[in-house]
Amino acid sequence: MQNIQKPTSSPATEVMVVGEALVDIVVSTHGTVEHPGGSPANVAYGLGRLGVPTSLLTSIGEDHHGAAIQRHLAGAGVELLAGARAGVRSATATATLASDGSARYDFDIQWELPRITPTTLPKILHTGSIATFQEPGAATVRDLLEQVNQRCVVTYDPNIRPALVGSHAQATTTFEELIPFTDVVKLSDEDAHWLYPGLSLEDTSRRILGLGTGLVVVTKGSEGSMLSTTGAQVLVPSVTSTVADTIGAGDSYMSALIYGLLQTGVDRLNEEALESLGGRAAKAAAITVRRAGANPPTSDELLAELPEHQPAT
């Protein structure tokens with residue numbers, strides 16, 4: 001019989017993130033540097049940096065990489081939920097940087113979680129990336145989304161890694177089967193084109209909305225982002241920034257998007273609300289790419305970057 005874990009966050013927890021935590025091994029012309037990362041863990045860390053009470057349900061090993069991940073998350077105040085140390089080897093992702101700062105990834109990851117039944121619900125549950133595709137853990141994540149469906153806001157970022165998600169048909173099916181359990185789906189233009197080759201980003205957004213989510217956000221790097229609901233669509237420009245590397249930029253965008261959703265909710269997302277959400281998230285990503293590794297802004301840094309919070313001259 002499968003053991004059922006009951007992870008309990010602090011009652012003050014506003015966001016629970018579910019997904020992989022790993023160590024990014026960054027290889028560049030300057031040498032090799034290790035940073036704790038993994039898309040869901042980066043989102044949790046980014047939320048912690050923004051002052052949001054956040055917990056992470058993940059799986060790490062009893063090794064030096066696992067210890068580094070735990071210290072990293074604790075530094076942002078992120079609560080690591082019980083059951084995280086599953087005895088598996090901690091995952092790694094080797095990122096080889098090109099001269100323009102873009103990254104090519106090679107992964108060493110085993111993803112599994114015990115069957116889980118949350119005893120408390122956050123305001124927002126976020127998941128995504130490898131955790132929603134790689135078995136056996138992906139089945140557990142889906143089961144969790146079914147449990148919390150319509151009981152809290154669910155955000156999802158597929159963060160497609162083609163080498164790890166199975167065949168295109170299988171990955172697309174997995175992705176689409178999760179959409180009805182979500183309220184917000186965020187994906188990059190690369191994700192969108194991989195999932196739906198030949199479709200425009202507008203048509204891709206409409207397709208995903210048609211599957212049952214309420215908001216689709218497509219990020220387009222330096223070309224900004226597109227936020228769409230069934231009743232509104234806005235294009236938000238990117239924020240000009242000197243690029244150190246792009247590691248964690250999308251995750252920082254996601255953290256700031258969730259940060260905004262905690263304030264606005266998901267029920268009244270008109271054009272003005274969408275522009276505010278997208279603008280703040282774009283600024284978070286711009287701050288992150290200026291710095292090496294997945295190093296998102298604090299709330300003070302993010303607010304200082306927003307024009308409406310800059311002192312009058």
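Helices (H or I, at least four residues) and strands (E, at least two) are taken as DSSP runs and numbered from the N terminus. The structure is a predicted model, in which local features need pLDDT of at least 70 and side-chain atom pairs count only at pLDDT 80 or more, while totals for chains, interfaces and linings use all residues. Residues are numbered from 1 along each chain as its sequence is written, and side-chain values use heavy atoms, with hydrogens and water left out.

Strands of a sheet pair through backbone hydrogen bonds, either parallel or antiparallel. Here, two strands are said to pair if DSSP finds at least two bridges between them. On this basis, 4 strands form an open sheet in the order β4-β3-β7-β8, and the pairing is mixed. Strands β4 (31-37) and β8 (103-108) are the edges, each pairing on one side only. From one strand to the next, the twist averages 20 degrees. Strands β3 (residues 22-28) and β7 (residues 91-97) run parallel and are joined by 6 bridges. Within this arrangement, Ile-25 stands opposite Thr-94 in β7. Helix α2 (residues 64-75) lies across β3, β4 and β7 and runs at about 60 degrees to β4; contact means heavy atoms within 4.5 Å, and axes are lines fitted to C-alpha atoms, for helices over the stretch in contact, with angles from 0 to 180 degrees between N-to-C directions.

Side chains of opposite charge can pair when their charged atoms come close. A salt bridge is defined as a side-chain nitrogen of Lys or Arg within 4 Å of a carboxyl oxygen of Asp or Glu, and a search of the whole structure finds 8 of them. One of these links Lys-123 with Glu-14, with the closest N and O atoms 3.4 Å apart. Lys-123 lies in the loop between β9 (115-116) and β10 (124-128) and Glu-14 in the loop between β1 (4-5) and β2 (15-18), so this pair ties together parts that are 109 residues apart in sequence.

A further salt bridge joins the side chains of Asp-108 and Arg-89 (3.0 Å, N to O). Because Asp-108 belongs to strand β8 and Arg-89 to the loop between β6 (79-80) and β7, the pair ties together parts that are 19 residues apart in sequence. Asp-108 counts as partly exposed, at 34% relative accessibility, a class that falls between buried (under 20% relative accessible area) and exposed (over 50%), using a 1.4 Å probe and protein chains only.

In helix α6 (residues 201-210), Asp-203 and Arg-206 are 3 residues apart, a separation of about one helical turn. Their salt bridge has its closest N and O atoms 2.4 Å apart.
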